[in-house]
Amino acid sequence: MGYVNYFLDDGDIIDQRITRDFEYNTRKTLQKKKCPYCNDVFENAYGLHEHIKNKHNDGKPILFVNGKIPDKNGDYYVDKVDLVEIYFYGSVCDVCIEDMSVTNDDKDRLDVTSTVHDLIEQNNICRISIGNEYVVIRKFSLDAINDDKVNMIIRGWEKKIISGGQIDRNYLVDLNPAELKYLDGFFDYFTACNANIYDKGKRYLDAYTILSSFNPINSIGLVVLKTIAFRLNWVSKLMDLCEYNDDFMLACNFYNGNHYVENIVECRNGEGTIYIEDDILDCLNAVVNYAKYMPDEVDGYIANCGDYDSIADVNLKDRVLLLMARRSIDRDNMKLAKYYYEEIKCEYFQNDIDRYIRK
């Protein structure tokens, strides 16, 4: 049983960086585009959307809100509307904003930023229908979430999970829609932390989907997103979530072949903790220990893992193999390192082969 630390004002970071997946600066000057699926980077919008069309799309249109793709048939919370576009990728379908049918003269791309912006400012809500699917965009600020109320519920769930109990949604306080959805994300997260849950992977995915729909998000929500991204080996997404030199940033350094880097910005308003599953925490500590030049601790972790073939979680298995490969390189055993790399399934980790084996 353990906890991961987070800075209490890390939410300020995600607030400042929320459009990073499709970057615009404050003057709306176009910057490099990052794919929201795999985080590949492109020089322009044409390259990005050709990539999405060829690698990630099944012929259906996609709605982008501030460069991100909201979950279909659900709510998406934003503090402001910078850019709302629909890319059709060759498909033909009806588009409605509230009750207004929208004509697409371009046939490939439809920019509805102005309409959505005005509706959000007037009504705090805007429903966009694309064919048979929809997204409800809601105006949101962190002030809409009462920290005292939601933290009481979150900490209550945390205690129950730690003691082996079951959690439920029987709230004893009045909650607004934003608070209810926000807590849904934590409910899925803590349910996934239950060792006996049968749909653990889906619960983590659902928690990530829900909490990432809040832009901005506060510090405790941000550390949950980092934890899930680390567990699922979503390295590019983890890097987007990190700003300061916490353990997750050290993990990113490790994944990119770097070691410990001194923290440039000190903790501002103190630290908090949240429960994290033992297997995630143990692996995170091992990765951090490697980044901090602590090989004995890393070797001890690898030894405790036993035969890597017995590790059921493929993502955990890949992280253990990556540590084993790095330690083999440290010992100048490149043949054994290559063997471990070839066992890894995570595509991002394969960058290590070019970095260390083929250089």
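Let's start at Tyr290, which counts as buried because its relative accessibility is 9%; buried here means under 20% relative accessible area, exposed means over 50%, and partly exposed is anything in between (1.4 Å probe, protein chains only). Keep in mind that this is a predicted model, where local features need pLDDT of at least 70, side-chain atom pairs count only at pLDDT 80 or more, and totals for chains, interfaces and linings use all residues. Residues are numbered from 1 along each chain as its sequence is written, and side-chain values use heavy atoms, with hydrogens and water left out.

Tyr290 has a ring partner. Phe254 counts as buried too, because its relative accessibility is 1%. The ring centres of Phe254 and Tyr290 sit 5.2 Å apart with their planes at 70°, so this pair is edge-to-face. For the terms: rings of Phe, Tyr and Trp (its six-membered ring) pair if their centres lie within 6.5 Å, and planes under 30 degrees apart are stacked, over 60 edge-to-face, and the rest tilted. The pair links distant parts of the chain, with Phe254 in helix α9 (residues 247-255) and Tyr290 in helix α10, 36 residues apart. Helices (H or I, at least four residues) and strands (E, at least two) are DSSP runs, numbered from the N terminus. Ring pairs also draw Phe254 and Tyr290 into a cluster with Phe230, Phe248, Tyr255 and Phe349.

Arg327 is in contact with Tyr290, Pro295, Val298, Asp299 and Ile302, leaving aside neighbours within four places in sequence; contact means heavy atoms within 4.5 Å. So is this arginine buried or exposed? With 9% relative accessibility, Arg327 counts as buried. Its side chain joins that of Asp299 through a polar contact of 2.8 Å. (A polar contact is a pair of N or O atoms within 3.5 Å; within protein, one must be able to donate a hydrogen and the other to accept it, and residues adjacent in sequence count only if both atoms are side-chain atoms.)

Now for the nonpolar interior. A nonpolar core is a set of buried Ala, Val, Leu, Ile, Met, Phe, Trp, Tyr and Cys residues joined through side-chain atoms within 4.5 Å. The largest one has 80 residues, and those with the most contacts inside it are Tyr182, Phe186, Tyr189, Phe190, Phe230 and Ile274. Helix α10 (residues 278-291) gives this core its largest share, 9 residues. Apart from it lies another core of 20 residues, including Leu63, Val65, Val112 and Ile130.

The whole structure holds 20 aromatic pairs. One of them is the edge-to-face pair of Tyr77 and Phe140, at 5.6 Å centre to centre and 75° between the planes. Tyr77 lies in strand β6 (residues 74-78) and Phe140 in the loop between β12 (133-139) and α4 (147-162), so the pair ties together parts 63 residues apart in sequence. Tyr77 is buried, at 2% relative accessible area, and so is Phe140, at 4%.

Last stop: helix α2 (residues 45-55), whose buried residues are Leu48, His49, His51 and Ile52. Seen down the axis, they fall within an arc of 150°, so they line one face of the helix; the arc is that of the directions from the helix axis to the C-beta atoms. On the other side of α2, Tyr46 and Asn54 are exposed.
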